[in-house]
Amino acid sequence: MYNRISRRRFLQTTGAAAALLAVSGNVLGANEKLNIACVGVGGRGGADFAGVLHENVVAICDIDD
């Protein structure tokens with residue numbers, strides 16, 4: 001049986017993780033690039049993805065081929 005997660009819970013969890021990464025990077029004196037994770041990179045998301053290639057892209061995800 002699948003353990004379904006709501007969209008709201010997913011956004012809360014990923015938002016908290018992103019905040020933690022941002023804070024830890026600043027505390028540790030990381031470089032000035034952002035760590036970016038792109039979710040849903042097909043279609044319009046592909047153009048959005050292309051706009052952040054100068055940053056540190058750490059993950060991409062899309063359910064479609």
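Predicted model: local features only at pLDDT ≥ 70, side-chain atom pairs only at ≥ 80, totals over all residues.
Reader: Which residues of strand β1 are on its covered face, and which on the uncovered one?

Author: In β1, residues 35–39, the covered face has I36 and C38, while N35, A37 and V39 make up the uncovered one. Strands here are DSSP runs of E with at least two residues, helices are runs of H or I with at least four, and both are numbered from the N terminus.

Reader: OK, back to β1. How many bridges join it to β2?

Author: Five, and the two strands run parallel, with β2 covering residues 56–61. Strands pair if DSSP finds at least two bridges between them.

Reader: What stands opposite C38?

Author: I60, in β2.

Reader: And in what order do the elements run?

Author: From the N terminus on, α-β-α-β. That's two helices and two strands.

Reader: New topic: what's E55 doing, and where is it found?

Author: E55 is in the loop between α2 (44–50) and β2. E55 is buried but has no salt bridge, and K33, the nearest side chain of opposite charge, is 6.7 Å away. Buried means under 20% relative accessible area, exposed over 50%, and partly exposed in between, using a 1.4 Å probe and protein chains only. A salt bridge needs a side-chain nitrogen of Lys or Arg within 4 Å of a carboxyl oxygen of Asp or Glu. For charge, Lys and Arg count as positive and Asp and Glu as negative, with His and the chain ends not counted.

Reader: Which residues does E55 touch?

Author: Not counting residues up to four places away in sequence, E55 touches K33, L34 and I36. Contact means heavy atoms within 4.5 Å.

Reader: L34, then: buried or exposed?

Author: L34 counts as exposed because its relative accessible area is 51%. L34 is in the loop between α1 and β1. Setting aside neighbours within four places in sequence, L34 is in contact with E55 and N56.

Reader: How much of the whole chain is buried?

Author: Buried residues make up 8% of the 65 residues.

Reader: Last one: where's L11?

Author: L11 is in helix α1, residues 7–27. At 52% relative accessibility, L11 counts as exposed.

How values were computed. Residues numbered from 1 in each chain as written. Heavy atoms only, no water.
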